[in-house]
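User: I am new to this structure and would like to go through it by question and answer. Please show it first.

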Amino acid sequence: MSDHRLRQLAAQGLLDASGFQRALRMAGLRPTPPVWRKQSDLLLLVGGVLMLLSGIVSFFAWNWNALPGWAKLTLVLTGLVLAAGISLISPWEQARGQWSLFAAVVMIGVVAAVVGQVYQTGADPWQLFALWAVLGLPWTLLARFQPLWLLWLCILSLSLWLWQSLYSNSAFSMHAINMPMLLLHTLALLSWERWRGHLPHWQHRVVPRLLGAGIAWQCTLALWSVVGDWHNYFWMEHGGWHDGVGVLLGTITLLPSLLWLGGGFALYYRRKELFMVTLPVFAAGGAILIGVGSRMRMGDTGTWLILALLSIAMSIGVVKLLRQWHGQWSEQEGAA
(Lines give C-alpha, C1' and ligand atoms only; values in the text may rest on other atoms or scores of the structure.)
Protein backbone atom coordinates (compact mmCIF):
# COMPACT_ATOMS: atom_id res chain seq x y z
CA MET A 1 0.00 0.00 0.00
CA SER A 2 1.48 3.34 -1.06
CA ASP A 3 1.31 6.70 0.70
CA HIS A 4 -0.69 8.12 -2.23
CA ARG A 5 -3.29 5.36 -1.98
CA LEU A 6 -3.72 5.84 1.77
CA ARG A 7 -4.23 9.57 1.27
CA GLN A 8 -6.88 8.80 -1.34
CA LEU A 9 -8.70 6.56 1.14
CA ALA A 10 -8.50 9.29 3.79
CA ALA A 11 -9.83 11.88 1.33
CA GLN A 12 -12.76 9.60 0.53
CA GLY A 13 -13.61 9.36 4.22
CA LEU A 14 -12.73 5.68 4.48
CA LEU A 15 -9.97 6.43 7.01
CA ASP A 16 -10.16 8.88 9.90
CA ALA A 17 -7.09 10.73 11.21
CA SER A 18 -6.08 8.06 13.73
CA GLY A 19 -6.75 5.27 11.23
CA PHE A 20 -4.67 7.06 8.63
CA GLN A 21 -1.68 7.38 10.98
CA ARG A 22 -2.05 3.74 12.08
CA ALA A 23 -2.19 2.61 8.45
CA LEU A 24 0.96 4.57 7.68
CA ARG A 25 2.80 2.86 10.52
CA MET A 26 1.53 -0.58 9.55
CA ALA A 27 2.60 -0.03 5.94
CA GLY A 28 6.09 1.00 7.07
CA LEU A 29 5.66 4.56 5.77
CA ARG A 30 6.30 6.19 9.13
CA PRO A 31 9.60 5.56 10.94
CA THR A 32 9.50 4.10 14.45
CA PRO A 33 11.98 5.04 17.25
CA PRO A 34 14.19 1.99 16.52
CA VAL A 35 14.30 3.01 12.86
CA TRP A 36 15.27 6.56 13.84
CA ARG A 37 18.10 5.23 16.04
CA LYS A 38 19.35 2.95 13.27
CA GLN A 39 19.31 5.77 10.73
CA SER A 40 21.09 8.11 13.17
CA ASP A 41 23.83 5.53 13.77
CA LEU A 42 24.25 5.09 10.01
CA LEU A 43 24.40 8.85 9.46
CA LEU A 44 27.11 9.24 12.11
CA LEU A 45 29.09 6.33 10.66
CA VAL A 46 28.94 7.66 7.10
CA GLY A 47 29.77 11.20 8.21
CA GLY A 48 32.70 10.00 10.29
CA VAL A 49 34.16 7.90 7.45
CA LEU A 50 33.85 10.69 4.90
CA MET A 51 35.32 13.31 7.23
CA LEU A 52 38.21 10.99 8.14
CA LEU A 53 39.00 10.30 4.49
CA SER A 54 38.81 13.98 3.56
CA GLY A 55 41.12 14.75 6.49
CA ILE A 56 43.67 12.19 5.27
CA VAL A 57 43.67 13.62 1.76
CA SER A 58 43.92 17.19 3.07
CA PHE A 59 46.75 16.23 5.41
CA PHE A 60 48.91 14.94 2.58
CA ALA A 61 48.05 17.88 0.37
CA TRP A 62 49.07 20.37 3.06
CA ASN A 63 52.15 18.63 4.46
CA TRP A 64 53.41 17.12 1.22
CA ASN A 65 56.81 18.77 1.02
CA ALA A 66 57.45 18.52 4.76
CA LEU A 67 57.20 14.73 4.88
CA PRO A 68 59.96 12.35 3.75
CA GLY A 69 59.07 9.62 1.30
CA TRP A 70 59.18 6.77 3.81
CA ALA A 71 56.83 8.63 6.15
CA LYS A 72 54.30 9.20 3.37
CA LEU A 73 54.29 5.57 2.34
CA THR A 74 54.14 4.35 5.94
CA LEU A 75 51.15 6.53 6.80
CA VAL A 76 49.08 5.72 3.73
CA LEU A 77 49.83 2.00 3.89
CA THR A 78 48.91 2.00 7.59
CA GLY A 79 45.60 3.63 6.73
CA LEU A 80 44.95 1.07 4.00
CA VAL A 81 45.79 -1.85 6.30
CA LEU A 82 43.55 -0.50 9.07
CA ALA A 83 40.60 0.00 6.73
CA ALA A 84 41.05 -3.46 5.20
CA GLY A 85 41.51 -5.02 8.64
CA ILE A 86 38.30 -3.52 9.98
CA SER A 87 36.43 -4.78 6.93
CA LEU A 88 37.80 -8.30 7.44
CA ILE A 89 36.59 -8.54 11.04
CA SER A 90 33.20 -6.98 10.23
CA PRO A 91 30.31 -8.66 8.42
CA TRP A 92 30.16 -7.28 4.90
CA GLU A 93 26.37 -7.23 5.05
CA GLN A 94 26.53 -4.60 7.81
CA ALA A 95 27.24 -0.90 7.41
CA ARG A 96 30.55 -1.03 9.31
CA GLY A 97 32.05 -3.62 7.00
CA GLN A 98 30.76 -1.93 3.86
CA TRP A 99 32.02 1.51 4.77
CA SER A 100 35.36 0.04 5.81
CA LEU A 101 35.70 -1.39 2.31
CA PHE A 102 34.70 2.00 0.94
CA ALA A 103 37.50 3.61 2.95
CA ALA A 104 39.94 0.92 1.78
CA VAL A 105 39.16 1.65 -1.89
CA VAL A 106 39.71 5.38 -1.29
CA MET A 107 43.03 4.60 0.39
CA ILE A 108 44.09 2.54 -2.64
CA GLY A 109 43.90 5.71 -4.69
CA VAL A 110 45.86 7.66 -2.08
CA VAL A 111 48.54 4.95 -2.01
CA ALA A 112 48.81 4.95 -5.82
CA ALA A 113 49.18 8.74 -5.84
CA VAL A 114 51.84 8.70 -3.10
CA VAL A 115 53.84 5.95 -4.83
CA GLY A 116 53.72 7.91 -8.07
CA GLN A 117 54.97 11.08 -6.36
CA VAL A 118 57.67 9.46 -4.23
CA TYR A 119 59.19 7.35 -7.00
CA GLN A 120 58.37 9.77 -9.86
CA THR A 121 56.90 7.07 -12.09
CA GLY A 122 55.99 9.61 -14.76
CA ALA A 123 52.52 8.14 -15.21
CA ASP A 124 49.79 10.33 -16.65
CA PRO A 125 46.88 11.24 -14.34
CA TRP A 126 44.48 9.07 -16.32
CA GLN A 127 46.75 6.07 -15.73
CA LEU A 128 46.59 6.69 -11.97
CA PHE A 129 42.79 6.65 -12.00
CA ALA A 130 42.70 3.66 -14.37
CA LEU A 131 44.98 1.71 -11.99
CA TRP A 132 42.82 2.83 -9.08
CA ALA A 133 39.71 1.51 -10.86
CA VAL A 134 41.38 -1.83 -11.66
CA LEU A 135 42.66 -2.36 -8.11
CA GLY A 136 39.38 -1.21 -6.58
CA LEU A 137 37.13 -3.46 -8.69
CA PRO A 138 37.64 -6.68 -6.63
CA TRP A 139 36.86 -4.77 -3.43
CA THR A 140 33.76 -3.30 -5.04
CA LEU A 141 32.57 -6.71 -6.16
CA LEU A 142 33.10 -8.11 -2.68
CA ALA A 143 31.39 -5.24 -0.89
CA ARG A 144 28.15 -5.37 -2.90
CA PHE A 145 27.56 -1.80 -1.73
CA GLN A 146 25.89 0.92 -3.81
CA PRO A 147 27.99 3.90 -2.64
CA LEU A 148 31.13 1.93 -3.47
CA TRP A 149 29.78 1.09 -6.92
CA LEU A 150 29.09 4.78 -7.43
CA LEU A 151 32.61 5.70 -6.31
CA TRP A 152 34.10 3.10 -8.67
CA LEU A 153 32.07 4.42 -11.62
CA CYS A 154 33.21 7.98 -10.81
CA ILE A 155 36.86 6.85 -10.77
CA LEU A 156 36.47 5.03 -14.09
CA SER A 157 34.66 8.00 -15.66
CA LEU A 158 37.34 10.40 -14.48
CA SER A 159 40.03 8.15 -15.92
CA LEU A 160 38.25 8.14 -19.28
CA TRP A 161 37.77 11.91 -19.22
CA LEU A 162 41.43 12.54 -18.39
CA TRP A 163 42.48 10.19 -21.18
CA GLN A 164 40.22 12.06 -23.61
CA SER A 165 41.76 15.36 -22.56
CA LEU A 166 45.03 14.18 -24.12
CA TYR A 167 43.24 13.97 -27.47
CA SER A 168 40.99 17.00 -27.27
CA ASN A 169 41.08 17.51 -31.04
CA SER A 170 40.11 13.95 -31.88
CA ALA A 171 36.70 12.48 -32.61
CA PHE A 172 36.30 11.38 -28.98
CA SER A 173 34.61 14.64 -28.03
CA MET A 174 32.25 15.05 -30.98
CA HIS A 175 31.17 18.64 -30.48
CA ALA A 176 28.38 18.77 -27.91
CA ILE A 177 28.17 15.08 -26.97
CA ASN A 178 30.85 12.92 -25.39
CA MET A 179 30.29 9.58 -27.11
CA PRO A 180 32.72 7.41 -25.07
CA MET A 181 31.37 8.76 -21.78
CA LEU A 182 27.80 8.33 -22.99
CA LEU A 183 28.50 4.73 -24.01
CA LEU A 184 30.21 3.96 -20.69
CA HIS A 185 27.35 5.30 -18.59
CA THR A 186 24.72 3.70 -20.82
CA LEU A 187 26.47 0.33 -20.53
CA ALA A 188 26.62 0.74 -16.74
CA LEU A 189 22.91 1.62 -16.57
CA LEU A 190 21.85 -1.24 -18.85
CA SER A 191 23.97 -3.67 -16.82
CA TRP A 192 22.38 -2.45 -13.61
CA GLU A 193 18.87 -2.82 -15.04
CA ARG A 194 19.69 -6.26 -16.46
CA TRP A 195 21.00 -7.73 -13.22
CA ARG A 196 18.93 -5.92 -10.62
CA GLY A 197 16.47 -8.82 -10.46
CA HIS A 198 19.26 -11.32 -9.78
CA LEU A 199 21.44 -9.33 -7.36
CA PRO A 200 19.71 -8.16 -4.16
CA HIS A 201 22.20 -5.35 -3.53
CA TRP A 202 21.27 -3.83 -6.92
CA GLN A 203 17.59 -3.47 -6.05
CA HIS A 204 17.92 0.11 -4.76
CA ARG A 205 17.51 2.87 -7.31
CA VAL A 206 20.12 5.42 -6.20
CA VAL A 207 22.90 4.53 -8.65
CA PRO A 208 20.71 3.94 -11.74
CA ARG A 209 18.89 7.22 -11.14
CA LEU A 210 22.16 9.11 -10.85
CA LEU A 211 23.41 7.40 -14.01
CA GLY A 212 20.16 8.22 -15.77
CA ALA A 213 20.38 11.86 -14.69
CA GLY A 214 23.98 12.09 -15.94
CA ILE A 215 23.16 10.52 -19.30
CA ALA A 216 20.04 12.64 -19.70
CA TRP A 217 22.05 15.77 -18.95
CA GLN A 218 24.56 14.97 -21.70
CA CYS A 219 21.80 14.16 -24.20
CA THR A 220 19.74 17.20 -23.20
CA LEU A 221 22.65 19.60 -23.75
CA ALA A 222 23.36 17.99 -27.13
CA LEU A 223 19.71 18.19 -28.15
CA TRP A 224 19.44 21.82 -27.11
CA SER A 225 22.69 22.62 -28.94
CA VAL A 226 21.43 21.28 -32.25
CA VAL A 227 17.91 22.70 -31.92
CA GLY A 228 19.21 26.14 -31.00
CA ASP A 229 21.77 26.20 -33.82
CA TRP A 230 19.86 24.32 -36.50
CA HIS A 231 21.02 26.50 -39.41
CA ASN A 232 24.71 25.92 -38.70
CA TYR A 233 24.18 22.18 -38.81
CA PHE A 234 21.59 21.39 -41.45
CA TRP A 235 19.77 24.14 -43.28
CA MET A 236 21.34 27.35 -44.60
CA GLU A 237 19.69 30.73 -44.13
CA HIS A 238 18.84 31.17 -47.82
CA GLY A 239 17.68 27.59 -48.38
CA GLY A 240 19.50 24.39 -49.22
CA TRP A 241 21.34 21.77 -47.21
CA HIS A 242 24.56 22.56 -45.43
CA ASP A 243 27.85 20.92 -46.33
CA GLY A 244 28.35 17.28 -45.46
CA VAL A 245 30.47 18.02 -42.39
CA GLY A 246 27.74 20.09 -40.75
CA VAL A 247 25.08 17.48 -41.47
CA LEU A 248 27.33 14.71 -40.16
CA LEU A 249 28.14 16.56 -36.94
CA GLY A 250 24.50 17.43 -36.42
CA THR A 251 23.39 13.85 -36.98
CA ILE A 252 26.10 12.44 -34.69
CA THR A 253 25.06 14.91 -32.00
CA LEU A 254 21.30 14.64 -32.43
CA LEU A 255 20.69 10.96 -33.16
CA PRO A 256 22.18 9.43 -29.95
CA SER A 257 20.36 12.04 -27.88
CA LEU A 258 17.00 11.27 -29.45
CA LEU A 259 17.57 7.52 -29.26
CA TRP A 260 18.51 7.60 -25.58
CA LEU A 261 15.82 10.06 -24.50
CA GLY A 262 13.11 8.30 -26.50
CA GLY A 263 14.22 4.82 -25.50
CA GLY A 264 14.62 5.84 -21.87
CA PHE A 265 11.13 7.34 -21.82
CA ALA A 266 9.57 4.20 -23.34
CA LEU A 267 11.43 1.86 -20.97
CA TYR A 268 10.76 3.71 -17.74
CA TYR A 269 7.20 4.65 -18.62
CA ARG A 270 6.50 0.94 -18.96
CA ARG A 271 8.22 0.37 -15.61
CA LYS A 272 6.28 3.26 -14.04
CA GLU A 273 9.36 5.04 -12.67
CA LEU A 274 8.46 8.70 -12.42
CA PHE A 275 11.93 10.17 -11.85
CA MET A 276 13.42 8.56 -14.96
CA VAL A 277 10.38 9.53 -17.05
CA THR A 278 10.72 13.15 -15.95
CA LEU A 279 14.21 13.47 -17.47
CA PRO A 280 13.28 13.10 -21.19
CA VAL A 281 10.11 15.13 -20.65
CA PHE A 282 12.22 17.98 -19.26
CA ALA A 283 14.62 17.67 -22.21
CA ALA A 284 11.77 17.84 -24.73
CA GLY A 285 10.24 20.87 -23.05
CA GLY A 286 13.54 22.71 -23.02
CA ALA A 287 14.14 21.85 -26.69
CA ILE A 288 10.77 23.34 -27.62
CA LEU A 289 11.57 26.57 -25.79
CA ILE A 290 15.02 26.83 -27.34
CA GLY A 291 13.65 26.02 -30.79
CA VAL A 292 11.00 28.73 -30.53
CA GLY A 293 13.46 31.26 -29.11
CA SER A 294 16.08 30.62 -31.80
CA ARG A 295 13.58 31.65 -34.45
CA MET A 296 12.59 34.91 -32.80
CA ARG A 297 14.32 38.23 -32.36
CA MET A 298 15.92 37.95 -28.93
CA GLY A 299 16.40 41.71 -28.62
CA ASP A 300 12.67 42.41 -28.39
CA THR A 301 10.92 42.58 -25.05
CA GLY A 302 7.91 40.85 -26.55
CA THR A 303 10.04 37.81 -27.40
CA TRP A 304 11.04 37.32 -23.78
CA LEU A 305 7.43 37.80 -22.66
CA ILE A 306 6.23 35.15 -25.11
CA LEU A 307 8.97 32.74 -24.00
CA ALA A 308 8.15 33.35 -20.34
CA LEU A 309 4.44 32.67 -20.90
CA LEU A 310 5.24 29.59 -22.96
CA SER A 311 7.60 28.35 -20.23
CA ILE A 312 4.92 28.82 -17.56
CA ALA A 313 2.26 27.09 -19.66
CA MET A 314 4.56 24.17 -20.46
CA SER A 315 5.62 23.81 -16.82
CA ILE A 316 2.01 23.66 -15.67
CA GLY A 317 1.17 21.13 -18.38
CA VAL A 318 4.17 18.93 -17.60
CA VAL A 319 3.49 18.96 -13.86
CA LYS A 320 -0.17 18.02 -14.42
CA LEU A 321 0.84 15.24 -16.79
CA LEU A 322 3.40 13.83 -14.37
CA ARG A 323 0.94 14.01 -11.48
CA GLN A 324 -1.64 12.21 -13.60
CA TRP A 325 0.81 9.42 -14.44
CA HIS A 326 1.90 9.16 -10.81
CA GLY A 327 -1.71 8.89 -9.65
CA GLN A 328 -2.52 6.21 -12.21
CA TRP A 329 0.55 4.18 -11.32
CA SER A 330 -0.15 4.49 -7.59
CA GLU A 331 -3.72 3.26 -8.09
CA GLN A 332 -2.51 0.34 -10.16
CA GLU A 333 0.07 -0.49 -7.48
CA GLY A 334 -2.56 -0.27 -4.74
CA ALA A 335 -4.97 -2.44 -6.69
CA ALA A 336 -2.27 -5.04 -7.25
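User: How many residues line the second largest pocket?
Analyst: This is a predicted model, in which local features need pLDDT of at least 70 and side-chain atom pairs count only at pLDDT 80 or more, while totals for chains, interfaces and linings use all residues. Residues are numbered from 1 along each chain as its sequence is written, and side-chain values use heavy atoms, with hydrogens and water left out. A pocket is an open set of points on a 1 Å grid over the protein atoms alone where a 1.4 Å probe fits, with protein on both sides within 12 Å along at least five of seven lines; lining residues have an atom within 4 Å of a point. Nearest the centre of the second largest pocket lie Leu-52, Ile-56, Gly-79, Ala-83 and Ala-103, and its lining residues number 18.

User: Which element gives the largest share of the lining of the second largest pocket?
Analyst: Two or more residues each come from H3, helix H4 (69-88) and H5. Helices here are DSSP runs (H or I, at least four residues) and strands are runs of E (at least two), numbered from the N terminus. The largest share is seven residues, and the element that supplies them is H4.

User: How many nonpolar residues are in the lining of the second largest pocket?
Analyst: Ala, Val, Leu, Ile, Met, Phe, Trp, Tyr, Cys and Pro count as nonpolar, Asp, Glu, Lys and Arg as charged, and the others, Gly among them, as polar. On that basis the lining has three polar residues, one charged residue and, as nonpolar, 14.

User: What volume does the largest pocket have?
Analyst: Among the 16 residues lining the largest pocket, Gln-98, Phe-145, Gln-146, Pro-147 and His-204 are closest to its centre. A volume is the space filled by probe spheres set on the grid points, which are joined across faces, edges and corners. For the largest pocket this is about 400 Å³.

User: Is Leu-88 buried or exposed?
Analyst: Leu-88 lies in helix H4. Buried means under 20% relative accessible area and exposed over 50%, with partly exposed in between (1.4 Å probe, protein chains only). Because its relative accessibility is 65%, Leu-88 counts as exposed.

User: Where is Arg-144 found?
Analyst: Arg-144 is not a glycine, yet its phi is positive, near 50 degrees. With a relative accessible area of 40%, Arg-144 is partly exposed. Its place is the loop between helix H6 (125-143) and H7.

User: Which loop holds Lys-272?
Analyst: Lys-272 also has a positive phi without being a glycine, at about 60 degrees. Its relative accessible area is 39%, so Lys-272 is partly exposed. Lys-272 sits in the loop between helix H11 (244-270) and H12.

User: How far does helix H12 reach from its first C-alpha to its last?
Analyst: Helix H12 covers residues 274-294, 21 residues in number. The expected span of a helix is 1.5 Å times one less than its number of residues. H12 is close to its expected 30 Å, with a reach of 30 Å.

User: How many disulfides does the structure hold?
Analyst: A disulfide is a pair of cysteine sulfur atoms within 2.5 Å. Cys-154 counts as partly exposed at 46% relative accessibility, whereas Cys-219 counts as buried at 0%. The number of disulfides is zero.

User: What share of the chain is buried?
Analyst: The chain has 13 helices and zero strands. Of its 336 residues, the buried share is 35%.
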